[in-house]
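I opened the model today to look up a few points of its fold. My notes follow in the order I made them.

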Amino acid sequence: MRNPLHIFVAISLLALTAVACSGASTAVKRKLPEPMAERCRTATHARAAGLADGSFQPIALRRADDPAQTPWTEQQAADHLLTAKPGAQTWVIARGGSGKSKLAWSLEALTCGQRLTFRVDVGLDLRAKLELATASQPAIAGVLLGQLGVRAGEDPAGQLRDALGDTPWLLLLDGTDELTVSERRRMDAELDWLEKAEFSEQIVRFERPGMVDAKPTKAPELVLALPDMTCAEADAVLVRRFPDPTALQAAQAWLAAHKLDRKRGGATCRYVHMSTHRDAETMADLAEDARAAAGEAAGLDDLAMDPVRSELYATWLAHRLHGITSTTDGALSWLDRIAAQGVIDKREPDLRLSVNRCEGVAAPGGGEAGGACRRLMQSPVVRKGEASGVAALANRTLMDLLLARWLVKGQTDCALLTSATGEMASLEIAAMVASLPDGRRCLNPIVAAICSRGIAPDDIIGFVDQAVPVGTRDAAFFAIAQERAQGACEHGVFAGLQAK
């Protein structure tokens, strides 16, 4: 017979375990509001289906503070978010077109079943509301309540507190890189409101290279980075786009003729001009344009033989607008004029494209403005905006192109151009500015300004490499650049560029 004391202890432990498990279950499995539960079901099912049919490939990350650059899986990132303390911020850094939005969606799917997770597309869900926000009616409150299925009232903070309680929750802010400088300030004020309201949120911001080095209002506790695309990954895009071996060979020959198969140095093979999925798809589009136009008199094979980043995306954009205007200069000048219709604080263009703004400028070639604008709104150059009659450029890189043109045109002095470019904080915008002829003359001060933020030369070289034509890199170019360079970082950038 068993000792009665042993039986008592066993029964007591079972009872304590049951209570503990019951409490944990109540805390973890708090019932989700139905709108959030439906979002979670949609995300998790879509991720599982993508994994099953191969249409979704998990993204590898790395910690920015890890010298060994040990890869992190999406699941590891999700596990960190589920255990990090409330009030913390995590930033995910990646170039435009690297898959930040796909990662945000995947992290939502991996966390929403265990923690209330809000995923906000800042450009579509939040931007327009920022203009109307007040101290008592912050825009972010309305967005969060909307996802919860609650209509915002006079006390959104109280409504959120009632809906959320003291349960920790995640806020995934996707698309923050699409905001202008003034809009970012408004967004930061909204996040300050969340913090002061003492919610139990943890915020994940998806940003671009350079943003975290610009002394943000609140520094992140963890920075994760998405690595640039490898040669093998870029090659796989080309194989998918050109399944016929003859067409693939022709596309590869075209890319080589335009120096678009140049590779960076380093242990891992990476192409200079195909750093992201967007870059690779754009290069494939341009190769396809050239192949399709081979028998046409007008043709669409007008890319420079030694192109830089601004020329690549300008040519892609012009080809998509070929039915409206036949030249790259005509297409860009038209979009420049539309962007100039909306200017924020007299300092930066509002890059939203509305029908009214479009019809307010002359159409290319003296055509009818209404017809040209309708065709623009239906073209691959734009995507649907947050309101009816409003569109946005198809991607952030095209926005960079128009923004860089605006900056270079408005600031003829290098000091002013460098200051205006630095305020944007993005290395991608700096590279786009430097890739324009009138911006490249200010290359040294632009590099110096980036170096002054403590960014390592190796992290800068790749962006500069995309901005400077190979044909201009003679002995005189490097001699002048090194003579003007003043610090070890600047010298390191030009020395690294010379080694390419």
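Entry 1: I began with Ala425, which counts as buried at 6% relative accessibility. I note that this is a predicted model. Ala425 sits in the loop between α17 (414-424) and α18 (427-435). I looked up its backbone: Ala425 has a positive phi of about 70°, though it is not a glycine. Most residues other than glycine have a negative phi. I then turned to Lys259, another non-glycine residue with a positive phi, here about 60°. Lys259 lies in the loop between α10 (245-257) and α11 (277-292). Is Lys259 buried or partly exposed? I read a relative accessible area of 33%, so Lys259 is partly exposed. For this call, the cut-off for buried is under 20%.

**Entry 2: the sheet.** Next I traced the strands. In what order do the seven strands of the open sheet run? I wrote down β2-β1-β7-β3-β6-β5-β4, with mixed pairing.

I went through some pairs. Strand β1 (residues 61-63) pairs with β7 in the antiparallel sense over two bridges. There, Arg62 stands opposite Ala225 of β7. β3 and β7 run parallel and are joined by four bridges. Trp91 has Val223 in β7 as its bridge partner. β3 (residues 89-93) also runs parallel to β6 (residues 201-207), with five bridges between them. Thr90 stands opposite Val204 in β6.

I checked the faces of β7 (residues 222-225), and both are covered. Leu222 and Leu224 are buried on one side, Val223 and Ala225 on the other.

**Entry 3: over the sheet, and Thr176.** I looked for what lies across these strands. Helix α8 (residues 181-196) lies across β3, β5 (169-174) and β6, and runs at about 165° to β6. Thr176 is in the loop between β5 and α8. I found Thr176 buried, with a relative accessible area of 0%. Which residues does Thr176 contact, leaving aside neighbours within four places in sequence? I listed Val122, Arg184, Met187, Phe206 and Glu207. I also checked Val143, 33 residues from Thr176 along the chain: their C-alpha atoms are separated by 15 Å.

**Entry 4: a helix crossing.** I moved on to α12 (residues 309-320) and α13 (residues 328-339). Their axes come within 9 Å and cross at roughly 90°. The two helices are therefore roughly perpendicular to each other. From α12, the contact uses Ala314, Thr315, Leu317 and Ala318; from α13, Thr328, Ala331, Leu332 and Leu335. I sorted the residues of this contact into six nonpolar, two polar and no charged.

**Entry 5: the cores.** Last, I looked at the nonpolar cores. Which members of the largest one, with its 88 residues, touch the most other members? I noted Leu317, Trp334 and Leu376. Helix α16 (residues 396-410) gives this core its largest share, eight residues. Residues up to four places away in sequence aside, Leu376 touches Leu321, Ile324, Trp334, Leu335, Ile338, Cys358, Val381 and Val382. Another core, of 28 residues, lies apart from the largest one; among its members are Ala141, Leu145, Leu173 and Leu179.

Definitions and conventions: Residues are numbered from 1 along each chain as its sequence is written. This is a predicted model: local features need pLDDT of at least 70, side-chain atom pairs count only at pLDDT 80 or more; totals for chains, interfaces and linings use all residues. Side-chain values use heavy atoms; hydrogens and water are left out. Axes are lines fitted to C-alpha atoms, for helices over the stretch in contact, and angles run from 0 to 180 degrees between N-to-C directions. Angles under 35 degrees count as roughly parallel, over 145 as roughly antiparallel, 65 to 115 as roughly perpendicular and the rest as oblique. Contact means heavy atoms within 4.5 Å. Ala, Val, Leu, Ile, Met, Phe, Trp, Tyr, Cys and Pro count as nonpolar, Asp, Glu, Lys and Arg as charged, and the others, Gly among them, as polar. Buried means under 20% relative accessible area, exposed over 50%, partly exposed in between (1.4 Å probe, protein chains only). A nonpolar core is a set of buried Ala, Val, Leu, Ile, Met, Phe, Trp, Tyr and Cys residues joined through side-chain atoms within 4.5 Å. Two strands pair if DSSP finds at least two bridges between them.
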